[in-house]
Amino acid sequence: MLKVESLTVRFGKLTALDNVSFALQGGEFLAVVGPNGSGKSTLLKCLLGLQRIDSGSISLLGHSPEDLPSSRIGYVPQVKTLDRSFPASSCELVVSGLRRRWPWRIPPAEHERAEAALRQVGIGHLSHRALSALSGGELQRVYLARALAREPEVLVLDEPATGIDATAEQDMYDILDRVNREMGVTIIMVTHDWLAARHHCSHALLLKNVLIASGPSLPALNDANMALAFGHAGHDHAHGHSHSHPHESGQPEQPDG
Amino acid sequence: MDSMLAIFLRIVACGMLIGFSASYYGAFVVQRGMSFLGNGLAHAAFGGVALGILLGQEPLYVALPFTVLAALGINWLREHTKLAADSVIGLFFALSMALGIIFLSRVPTYSQDAMTYLFGSLLSVGVTELWISAALAVLTVATFPLWPRWAYSTFDRESARIDGQRIRREDYLLSVLIAVNVVVAAKLVGIVLLSAFLVIPAAAARLVSASFAMMTTLSVGIGVFSVAAGFAISYQADLPSGACVVLTQILLFALMFALNKGGIKWPREI
């Protein structure tokens, strides 16, 4: 489904990604984890065809990212980067994902399709709500609905927990778990939240400009690898909330330390 | 010789056509946070006008390529540096004004044209200006199919790129069209008040619009009405045209602000 070989990206003298190789099977839930500046977002941009690569190759669903029809990908950006002042409703945002253009007007059939996508993420009642009136968690769900309305094969998320509260974060991960397991959608999620990655993702990719580890999330994010990436082992200092663990049922995950 | 009524109608028609184009692009200018671009391009037009006067040519024909080049230069420099948009626009603003002042200093006689472009004049509205305004309005209508693309990249540039939009090319086109609008409107409204003319209708529309389609429609409505009304007041009361237009727009902005405070938005939010 995804094969990255010897990927190198440089910004002047800075090497953001150095000879990174990994592969991912369809239906997996991958977390791309690493500290700030480790090349996570650069990798995501490469996968989306937004970043020129210096060497290496990427094959996503059998295409290079530039040639991949965008209808096969659902993308959820960071909510904190969005322009909340833009005059639009949730429904319009979802329809923009279906059309891949901004809608001037929305016919009833398209409106119904957008509402169905919003119901799928539990916010069908917010269809006419202005984006400026949504909470961070609600806006994140609208973006999820927008991505899912395309019935994508791959869902790509950029730091989805940023800018939303703990409850909304848990709700979002519940939706992602359901989308991954019940709909079979492959998920690639960039996050600095290694705890969420351990609890929710089947696989992980640990970066610090070079590839430190890849594979099933628990061994990939073990203490030794975390120490290499972050300079310390993955202790749960900052997270007051808990994560359920759909990929390790019957084997509750205990954060290290 | 034209009757007074014919002159009046020509002025109002010209105002409506220019108001239509400027306020349509104004919706994108305001929502993209590029309000200073109108100011920068208006002053770039001044440099072009001054060069036209110095060369003894019709200022409009020199200002047009001059301002379009400035618009392209602003976009290019933004792309190739890490400077903020207002810094780049400010640089071109200052460069154009400096060149304009030098060009005018080399003109041996006083030029009424320079004053016309600085403050606007309805006396300059002839049949040629009417045709140019009509051509501009037709050009604006021809860009309507681009509205969904420009609106999409206005909201979220990254998603627009992922969905295959060539946003760099589209940005250049939008800037060039805004530059053409600025030059055509400069003679009637005046460079000094031109950026308000581009921004106020859209800003007023934003206050009561719950969708970008409604914001664009209302902006055009406010733009057409205020320019026509402003020109009519200017003609009847013998007051400067640009000032009359801007004051009419400010009145409409105040009305929209009152509606906004009254909780009124279209389409209705739930």
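In this predicted model, chain A holds an open sheet of six strands with mixed pairing, in the order β5-β6-β7-β3-β8-β9. Its edge strands, β5 (73-76) and β9 (210-216) of chain A, each pair on one side only. On average, and with direction ignored, neighbouring strands of the sheet are turned by 15 degrees against each other.

Within the sheet, β3 (residues 29-33) and β7 (residues 186-191) of chain A run parallel and are joined by five bridges. Val32(A) has Val190(A) of β7(A) opposite.

| Helix | Strands touched or crossed | Angle |
|---|---|---|
| α8(A), residues 223-230 | touches β3(A), β8(A) (203-208) and β9(A) | about 35 degrees with β8(A) |

The rest of the report concerns the interface. Chain B contributes 26 residues to the contact and chain A contributes 28 residues. About 2,500 Å² is buried between the two chains, and carbon and sulfur atoms give 59% of this area.

There is one salt bridge between chain B and chain A: the side chains of Asp163(B) and Arg150(A) meet at 2.5 Å, N to O. Across the interface, 12 residue pairs are in polar contact, with both residues at pLDDT 80 or more.

On the side of chain B that touches chain A, α7 (147-155), α8 (157-162) and α11 (212-237) of chain B each supply at least two residues. The most come from α7(B), with seven residues. By class, this side of chain B has 11 nonpolar, eight polar and seven charged residues.

Terms used. Residues numbered from 1 in each chain as written. Chains lettered and ligands numbered in written order. Predicted model: local features only at pLDDT ≥ 70, side-chain atom pairs only at ≥ 80, totals over all residues. Heavy atoms only, no water. Contact = heavy atoms within 4.5 Å. Buried area = accessible area lost by both parts, 1.4 Å probe. Salt bridge = Lys/Arg side-chain N within 4 Å of Asp/Glu carboxyl O. Polar contact = N/O pair within 3.5 Å; in protein donor to acceptor, adjacent residues only side chain to side chain. Helix = DSSP H or I, 4+ residues; strand = E, 2+ residues; numbered from the N terminus. Nonpolar A, V, L, I, M, F, W, Y, C, P; charged D, E, K, R; others polar. Pairing = 2+ DSSP bridges. Axes fitted to C-alpha atoms, helices over the stretch in contact; angles between N-to-C directions.
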